[in-house]
Amino acid sequence: GVCWAQGEILHDYHLVVLLRLRDERVQHAKCVSDLFYHRDQTTREAVVQWINSCDGDGVMMVLDGYDELSPELQTSSIFADIIRREVLPKMTVLVSSRPSANQNLHQLCADQKCQYIEVIGFGKEEIQEYVDGALAHNKELRDELMYHLEHHPHIHGLMYCSLNCAIIVQIFRDQMKM
C-alpha cells in the first residue's frame, strides 16, 4: 500500500483500462475496439489503434468480475482470447473473480505465463458453517435462509465474501423479526 501511495509502482504502464464485466455493453464486445466507449469516435479509434500497434505493451487491462460472465463468455470470447494472450500478447491482464468461476479461469491460464493470486473468501462449506453458527438458535430461520440462497444465486454469490455474508445474515435476521 505504501508503494502505491507514494507513486512507486505502475510506472511501466501508459494506460490502465478497467472493464467491469457485468456491464452488458462490455459483455457484447467481439473485438478490442468494442471494449472502448468514448463520445468522440476519433479519440476512441486513436486509443484502440495505439493499443493494437504495440500489441498491448505498456497497457494494463483489469477485467473486473470474471464470474459475472456466462460460462460461454468465460471460455469463448474476447475476454478469454485476452487472457490466453491470443489478442494483445504483451498486455498485462489482471482478472478479479469470485471463487465460483475459478475452474474456467485456471483452464484459461494453464498454458500461459500467468501468475495466479487468489484472495480467499468463503467457499460453500464456510458459507454453510457461518449460517449454521449465526442462526444456531433458530433452525427454521436457518433453513429458510438456505432455501432463499439456493433459489437466488445472485444473492448466494455475494455470500463468498465474508463481510457480505455477515451483512446478509443480519439483514435476513432483522427482516424475519418484523
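In the chain of 178 residues, buried residues make up 35%. The model is a predicted one. Its secondary structure comprises 10 helices and 3 strands. Along the sequence, these elements follow the order α-β-α-α-β-α-α-β-α-α-α-α-α. Among contacts with a separation of 6 or more, 65% join residues 24 or more positions apart.

The packing of helix 8 against helix 10 was examined next. Helix 8 spans residues 139–151, and helix 10 spans residues 162–177. Their axes lie 11 Å apart and form an angle of about 120°. Angles over 145 degrees count as roughly antiparallel and those from 65 to 115 as roughly perpendicular. The two helices are therefore oblique to each other. The crossing of helix 8 with helix 10 is right-handed. Helix 8 contributes Leu141, Glu144, Leu145 and His148 to the contact. Helix 10 contributes Val169, Phe172 and Met176. By class, this contact holds 5 nonpolar residues, 1 polar residue and 1 charged residue.

Arg142 also belongs to helix 8. Its relative accessibility is 18%. The cut-off for a buried residue is under 20%, so Arg142 counts as buried. The side chain of Arg142 forms a polar contact with the side chain of Asp132, at 3.4 Å. Leaving aside residues up to four places away in sequence, Arg142 touches Val131, Asp132 and Leu135.

Methods:
Residues are numbered from 1 along each chain as its sequence is written. This is a predicted model: local features need pLDDT of at least 70, side-chain atom pairs count only at pLDDT 80 or more; totals for chains, interfaces and linings use all residues. Side-chain values use heavy atoms; hydrogens and water are left out. Axes are lines fitted to C-alpha atoms, for helices over the stretch in contact, and angles run from 0 to 180 degrees between N-to-C directions. Helices (H or I, at least four residues) and strands (E, at least two) are DSSP runs, numbered from the N terminus. Angles under 35 degrees count as roughly parallel, over 145 as roughly antiparallel, 65 to 115 as roughly perpendicular and the rest as oblique. A crossing is left-handed if the near helix is turned anticlockwise from the far one by less than a right angle, and right-handed if clockwise. Contact means heavy atoms within 4.5 Å. Ala, Val, Leu, Ile, Met, Phe, Trp, Tyr, Cys and Pro count as nonpolar, Asp, Glu, Lys and Arg as charged, and the others, Gly among them, as polar. Buried means under 20% relative accessible area, exposed over 50%, partly exposed in between (1.4 Å probe, protein chains only). A polar contact is a pair of N or O atoms within 3.5 Å; within protein, one must be able to donate a hydrogen and the other to accept it, and residues adjacent in sequence count only if both atoms are side-chain atoms.
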